[in-house]
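Student: Could you take one part of this structure and look at it closely with me? I would like to see how its pieces pack together.

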Amino acid sequence: MEGSNLEFPVLIAQTGPLNGQRWTIGQAIVIGRDGACDVVIPDRQVSRYHARLQPTDSGVVLEDLGSKNGSFCNGVRINEPQVLQDGDLVQIALAQHFIFLSSDATMPLEGGQPSDEQAQRLHLDLRSRRVWVGRQELVPPLSAPQFRLLQTLYEQPDQVITREELVDSIWEGSQAEGVSEQALDALVRRLRERLDLIDPGVNYIVTVRGHGLRLENPSEYPPFPPSK
């Protein structure tokens with residue numbers, strides 16, 4: 001049932017054997033190793049019938065089907081059915097990562113790995129919510145809050161975004177109420193650490209004291225990592 005439909009939520013495979021494939025969630029989807037599953041992951045770490053995604057009145061629910069190696073949401077193993085939120089990262093054992101989108105209505109038609117013509121050193125694909133530094137993809141994917149932080153800065157390059165604007169963008173609506181300065185600082189620190197692992201020494205996220213944060217996105221690519 002791979003495909004796309006603007007009326008339904010979307011599951012996008014990221015790192016793993018199904019990388020780049022997409023499924024709309026118009027009805028229950030079973031994920032597993034067995035060929036009868038709707039999403040088949042050919043990996044021995046995956047149980048024959050591993051997990052299920054079920055649309056409900058409350059949203060799409062992720063349920064583990066008694067798998068040996070577990071199902072995870074945003075890095076946490078689930079023990080009970082869990083309603084997914086837009087941007088949640090779903091992991092099946094250690095074999096396959098997915099991102100859940102509540103709708104693909106805002107997804108651009110094009111996107112993906114940066115081409116030679118794309119001069120910016122840091123590149124985001126908003127469709128799949130993947131990030132590249134140069135031509136090296138950031139793996140594992142960013143968490144949903146980390147991606148929203150980076151996206152907010154990325155869409156307004158060289159502009160200073162206030163801390164209040166960032167909080168409203170990352171923690172939407174009522175969730176933004178009561179978010180502490182320490183929570184935002186911790187999120188910024190983790191994002192900087194992830195970027196520094198690929199491109200050490202480049203300060204992409206610049207703090208403008210008394211004002212906020214801005215993104216510096218150099219035009220040149222970093223050198224390719226040496227061959228092993």
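Tutor: In the protein chain, among contacts with a separation of 6 or more, 45% link residues 24 or more positions apart. This is a predicted model, where local features need pLDDT of at least 70 and side-chain atom pairs pLDDT 80 or more, while totals for chains, interfaces and linings use all residues. Residues are numbered from 1 along each chain as its sequence is written, and side-chain values use heavy atoms, with hydrogens and water left out.

The protein chain holds 3 helices and 16 strands (DSSP runs of H or I with at least four residues, and of E with at least two, numbered from the N terminus). Of its 228 residues, 44% are buried, meaning under 20% relative accessible area with a 1.4 Å probe, protein chains only.

Find Ile205 next: beyond its neighbours within four places in sequence, Ile205 contacts Leu153, Val188, Leu191, Arg192, Leu195, Leu213, Arg214 and Leu215.

How do two of those helices meet? The axes of H2 (residues 163–170) and H3 (residues 181–198) come within 11 Å and cross at roughly 80°; here axes are lines fitted to C-alpha atoms over the stretch in contact, and angles between N-to-C directions run from 0 to 180 degrees. H2 and H3 are therefore roughly perpendicular to each other, a label for angles of 65 to 115 degrees. On the H2 side, Arg163, Val167 and Ile170 take part, and they meet Glu181, Leu184, Asp185 and Leu187 of H3. By type, the residues of this contact are 4 nonpolar, no polar and 3 charged. In that count, Ala, Val, Leu, Ile, Met, Phe, Trp, Tyr, Cys and Pro are nonpolar, Asp, Glu, Lys and Arg are charged, and the others, Gly among them, are polar.

Conventions: Angles under 35 degrees count as roughly parallel, over 145 as roughly antiparallel, 65 to 115 as roughly perpendicular and the rest as oblique. Contact means heavy atoms within 4.5 Å. Buried means under 20% relative accessible area, exposed over 50%, partly exposed in between (1.4 Å probe, protein chains only).
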